[in-house]
Amino acid sequence: MNRLNPSRNEMLSMALMYLLFGLVLCFFSGSILTTIVRVLGILLVVYGGYNLYQYFVITKSTNLSPMVIGIPGIIIGLILAVWPHMLINFFPIVAGVLLTFNSITQIQKSLVLKRAGISSWMLSMVAALIMLFIGIILMIRPSSVINMIMSFTGIALIAEAVILAVQAFIKA
């Protein structure tokens, strides 16, 4: 495939792939992410189990690394497999905390700008308040935010599929 000048069939194949992934992300956003984390957890349990098997059954040495890898692998894998939303919700919550702290700092800077008589303090304050609002939403509703991001990504993939299909037929 020539990336600089793909053929019509290549463009249509890419458009179909984007369309399918976009539809899957739009309609199954939460369940796909949960399934991926559960599968990751199961793989960690298997990997940890293999390391423990290797340590206790196969290897006759005193090297502790298979056991040191195996036990945390099984524990983390079980947590991910049983409670996948712990990992899924972790990142938005951390982002929300960071945004909240940063926005509080920006609010303080805006007030300093106001006291200094700088006219752009209001724009800085509005941006800081918007960041504060988003940070709070991320901390309060992490699952909803993740689903929304996945849906937006799906919509973007569908839009890209339409653009590629149109380009494939215009190219002629």
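This is a short tour of a predicted model, stop by stop.

Before starting, note that residues are numbered from 1 along each chain as its sequence is written, and that side-chain values use heavy atoms, with hydrogens and water left out. In this predicted model, local features need pLDDT of at least 70 and side-chain atom pairs count only at pLDDT 80 or more, while totals for chains, interfaces and linings use all residues.

**Stop 1: Ala15**

Select Ala15, in helix H1, residues 8–58. Helices here are DSSP runs (H or I, at least four residues), numbered from the N terminus. Is Ala15 buried or exposed? Ala15 counts as buried, at 6% relative accessibility. (Buried means under 20% relative accessible area, exposed over 50%, and partly exposed in between, with a 1.4 Å probe and protein chains only.)

Now show what Ala15 touches: Ala161, Leu164 and Ala165, not counting residues up to four places away in sequence. Contact means heavy atoms within 4.5 Å. Ala15 and Ala168 are 153 residues apart in sequence, yet 9.2 Å apart in space, C-alpha to C-alpha.

**Stop 2: H2 against H3**

Select residues 65–82 for H2 and residues 84–115 for H3. The axes of H2 and H3 come within 4 Å and cross at roughly 85°. Axes are lines fitted to C-alpha atoms, for helices over the stretch in contact, and angles run from 0 to 180 degrees between N-to-C directions.

Which residues meet here? From H2 come Ile79, Leu80, Ala81 and Val82; from H3 come Pro84, Met86 and Leu87. By class, this contact of H2 with H3 has seven nonpolar, no polar and no charged residues. Ala, Val, Leu, Ile, Met, Phe, Trp, Tyr, Cys and Pro count as nonpolar, Asp, Glu, Lys and Arg as charged, and the others, Gly among them, as polar.

**Stop 3**

**Stop 4: Asn89**

Select Asn89, found in H3. Asn89 is buried, with a relative accessible area of 16%. Leaving aside neighbours within four places in sequence, Asn89 is in contact with Pro142 and Ser143. The side chains of Asn89 and Ser143 make a polar contact at 2.9 Å. (A polar contact is a pair of N or O atoms within 3.5 Å; within protein, one must be able to donate a hydrogen and the other to accept it, and residues adjacent in sequence count only if both atoms are side-chain atoms.)

Terms used: Helix = DSSP H or I, 4+ residues; strand = E, 2+ residues; numbered from the N terminus.
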